[in-house]
Structure formats: C-alpha cells, structure tokens
Amino acid sequence: MISVSLEGTMSKTTEQFRAEYAAIRARSEAPTASDFDRAVRLYFTDNNLPENPPPALWVKVAAVVRFRCGRCAGTGAFITYVENGQPRGPGGICFRCEGKGMQDDGDVMRNLVHDRHYMSRAC
Ligand SMILES: [Zn+2]
C-alpha cells in the first residue's frame, strides 16, 4: 500500500504529471500502454483509492505497479537460454528483477542506471 499523501507535489502542473506518468509507462516492462493503464486502474480499485484520482496519485501508482520481468519471464531465476519453451540456466537470481519475477519502476530505473554505466565503460 502506498501513501496517498500528496505533500510536496502541489507545485507541479497537470502537464508535468502527465509527462512523468508517460515516461514511467514508456520505460516499464508492461507489454503495451493499455496493459499499463489497466494495471494502474486495478491498483486504484484493489486499494480503495479515490474514483477520480488526482494527477499526482496516478504518478505515484505508476511507480509501484509491477510487470512480469522480461529478462527471466517472471521466474525470478537467472536464465541463459530457453529449451523447448522452458527457461534453463545455471541458477541464481535474475539480476534485472532481483529474483522477484516482476519489475516496478524502481527496478527499471536501477537497470537503466546499470546499463548506462556499462555502456559508457564499453565506449
Ligand atoms: Zn527477472
């Protein structure tokens, strides 16, 4: 359950919130934008949040909804290859989702930072 306190968010405009939401949605592991929106709406319903949430709350929920990890196909295990549709690997936990099988925006951001770091080292 997230905190619904919107303190400190009042200085942002609706446009800024929309842009933030769209950025989180674009980098998420959700298969499509509508899958992402559906998950956010479901989160509102499941947690008895307001019917017409303010823009700041959309952004907060966007950051915590989780989607199946594309690296490990939701298994949480490190995979090196797929054989007859079954993921195979040496074991250990998936480094993209840290073994959860799901990624929220925190995981996505951690992976982006990691990718940028290693990309810049490779150049
Ligand atoms: Zn994973």
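**Entry 1: lysine 100**

I looked up lysine 100 and found it in the loop between β3 (86–88) and β4 (102–103), where helices (H or I, at least four residues) and strands (E, at least two) are DSSP runs numbered from the N terminus. I note that this is a predicted model, in which local features need pLDDT of at least 70 and side-chain atom pairs count only at pLDDT 80 or more, while totals for chains, interfaces and linings use all residues. Residues are numbered from 1 along each chain as its sequence is written.

I recorded lysine 100 as partly exposed because it has 16 C-beta neighbours inside 10 Å; a residue is buried with 20 or more other C-beta atoms within 10 Å of its own, exposed with 12 or fewer, and partly exposed in between, the C-beta atoms being placed from the backbone. I also noted that the C-alpha atoms of lysine 100 and threonine 75 are separated by 7.7 Å, although the two residues are 25 apart along the chain.

**Entry 2: the whole protein**

I counted four helices and four strands, which run α-α-α-β-β-β-β-α from the N terminus on. Of the 123 residues, 18% are buried. Among contacts with a separation of 6 or more, 57% join residues 24 or more positions apart, a contact being two C-beta atoms, placed from the backbone, within 7 Å.

**Entry 3: α1 against α3**

I then turned to helix α1 (residues 14–27) and helix α3 (residues 55–64), whose axes come within 9 Å and cross at roughly 15 degrees; the axes are lines fitted to C-alpha atoms over the stretch in contact, and angles run from 0 to 180 degrees between N-to-C directions. That angle makes α1 roughly parallel to α3, a label given to angles under 35 degrees. The contact is made by Thr14, Phe17, Arg18, Glu20, Tyr21, Ile24 and Arg25 of α1, and by Pro55, Ala56, Trp58, Val59, Ala62 and Ala63 of α3. Leaving aside neighbours within four places in sequence, I found valine 59 in contact with Phe17, Glu20 and Tyr21.

Methods
Parallel < 35°, antiparallel > 145°, perpendicular 65-115°, else oblique.
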